[in-house]
Amino acid sequence: MTFLQPAVPGRNPLPAPSAHGSPEHSATARIPDAYRRISSHLAITPPVSVVIPAMNEAENLPYVFRTLPAWIHEVVLVDGNSTDRTVEVARELWPEVKVVRQRGRGKGDALIAGFAACTGEIIVMVDADGSADGSEIVSYVSALVSGADFAKGSRFANGGGTDDMTPVRKLGNRVLCAVVNAKFGARYTDLCYGYNAFWRRCLDRIDLDCTGFEVETLMNIQVAKAGLRVQEIPSHEYLRIHGASNLRAVRDGLRVLRVILRERSGGTRARGVRRPSVTPLGGAS
């Protein structure tokens with residue numbers, strides 16, 4: 001069971017026994033380990049895992065990790081066989097990071113491996129290029145503990161925005177989003193965005209089997225088909241800080257379209273996320 005309590009500074013959200021054995025709130029009691037204070041008004045019990053797929057992102061990781069909240073349960077970095085210091089930098093920044101070696105290729109493959117390695121009840125997807133603000137995680141988690149199954153980031157919801165989308169990509173995203181809404185009964189304002197969060201149990205309702213950037217679209221479609229409760233979270237996408245993106249508008253747009261057509265014609269059955277064999281790299285695991 002998930003508990004939602006006000007996180008009053010300096011106050012334990014659980015009744016603590018008094019000297020006479022009767023429960024009362026202590027003004028100085030520490031919040032027990034079972035609770036994580038995620039804001040000045042909210043404390044939660046579910047552990048939160050953050051999955052970060054990365055390949056040669058050593059220069060960007062300091063910006064990514066700097067924004068991650070200290071209360072998260074674990075960081076799972078999926079390393080796509082980086083040739084720079086991605087893994088070493090991650091361990092310097094977050095000593096308890098769980099590093100998983102990606103055996104295949106592509107963002108979808110990396111996320112599938114990362115999901116399989118998570119131990120938290122809530123999973124958050126964060127890109128490693130510095131485009132996502134980790135401080136927004138509190139909004140995603142708040143939506144989930146308030147009743148949503150899937151918290152979907154949107155750059156086009158009221159309060160969201162993007163610094164990193166060309167007119168061609170924006171048009172393509174809008175058209176593909178409209179198609180998904182029409183064909184699957186969804187009401188999304190953004191389709192191809194990778195900043196999302198969900199309860200781990202949702203993986204039992206979807207079947208992820210793609211390797212590229214289209215994994216985000218596949219998740220959105222299968223979440224809608226499964227009838228899961230979705231709440232969009234306004235999110236701001238920033239420019240990649242260092243390096244070049246592997247995203248190719250036309251190529252990846254066609255892959256997204258193929259996923260939509262496949263799912264519309266029946267697609268794969270919702271059997272749960274594919275569980276690849278996961279190879280942890282040394283250190284925290």
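Residues are numbered from 1 along each chain as its sequence is written, and side-chain values use heavy atoms, with hydrogens and water left out. Because the model is predicted, local features need pLDDT of at least 70 and side-chain atom pairs count only at pLDDT 80 or more, whereas totals for chains, interfaces and linings use all residues.

## Overall architecture

The protein chain holds seven helices and 15 strands; these are DSSP runs numbered from the N terminus, with helices being H or I of at least four residues and strands E of at least two. Of its 285 residues, 50% are buried, meaning under 20% relative accessible area, while exposed means over 50% and partly exposed lies in between (1.4 Å probe, protein chains only). Among contacts (heavy atoms within 4.5 Å) between residues at least 6 apart in sequence, 74% join residues at least 24 apart.

Helix 3 (residues 107-117) is largely enclosed by the rest of the structure, because ten of its eleven residues are buried. The buried residues are Lys 107, Gly 108, Asp 109, Ala 110, Leu 111, Ile 112, Ala 113, Gly 114, Phe 115 and Ala 117. They pack against strands 6, 7, 8 and 9, strand 12 (196-199) and helix 6 (215-225).

In helix 2 (residues 86-93), the buried residues include Thr 86, Val 87, Val 89 and Ala 90. These residues lie on the same side of helix 2, because they cover an arc of only 165° around the axis; the arc is that of the directions from the helix axis to the C-beta atoms. Their cover includes strand 6 (48-54), helix 1 (61-66), strand 7 (74-79) and strand 8 (98-101).

## Polar contacts and buried side chains

Arg 155 is situated in the loop between strand 10 (150-154) and strand 11 (161-162), and counts as buried at 2% relative accessibility. Its side chain forms a polar contact of 2.8 Å with the side chain of Asp 190. A polar contact is a pair of N or O atoms within 3.5 Å; within protein, one must be able to donate a hydrogen and the other to accept it, and residues adjacent in sequence count only if both atoms are side-chain atoms. A polar atom of the Arg 155 side chain also lies 2.8 Å from the backbone oxygen of Cys 192. Beyond its neighbours within four places in sequence, Arg 155 is in contact with residues including Arg 169, Asn 173, Tyr 193 and Glu 237.

Cys 177 belongs to helix 5 (residues 167-184) and is buried, with a relative accessible area of 5%. Not counting residues up to four places away in sequence, Cys 177 touches Tyr 188, Thr 189, Asp 190 and Leu 191. Cys 177 and Cys 192 are 15 residues apart in sequence, with 8.1 Å between their C-alpha atoms.

Asp 127 lies in the loop between strand 9 (122-125) and helix 4 (137-145). Its side chain makes a polar contact of 2.8 Å with the side chain of Lys 107, a buried residue of helix 3. Leaving aside neighbours within four places in sequence, Asp 127 also contacts Ile 52 and Val 64.

## Cavity and pocket

Rolling a probe the size of a water molecule over the atoms shows where empty space is left. On a 1 Å grid over the protein atoms alone, a cavity is a set of points where a 1.4 Å probe fits but cannot get out, and a pocket is an open set with protein on both sides within 12 Å along at least five of seven lines; lining residues have an atom within 4 Å of a point. Grid points are joined across faces, edges and corners, and a volume is the space filled by probe spheres set on the points.

The whole structure has one cavity of 30 Å³ or more. Asp 127 is among the residues lining the largest cavity, together with Met 125, Val 126, Ser 131, Ala 132, Tyr 193, Gly 194 and Tyr 195. Tyr 188 is one of the residues lining the second largest pocket, to which strand 13 (residues 230-234) gives the largest share of the lining, three residues.

| Space | Volume | Lining by class |
|---|---|---|
| Largest cavity | about 30 Å³ | five nonpolar, two polar and one charged residues |
| Second largest pocket | about 200 Å³ | five nonpolar, two polar and two charged residues |

In these classes, Ala, Val, Leu, Ile, Met, Phe, Trp, Tyr, Cys and Pro count as nonpolar, Asp, Glu, Lys and Arg as charged, and the others, Gly among them, as polar.
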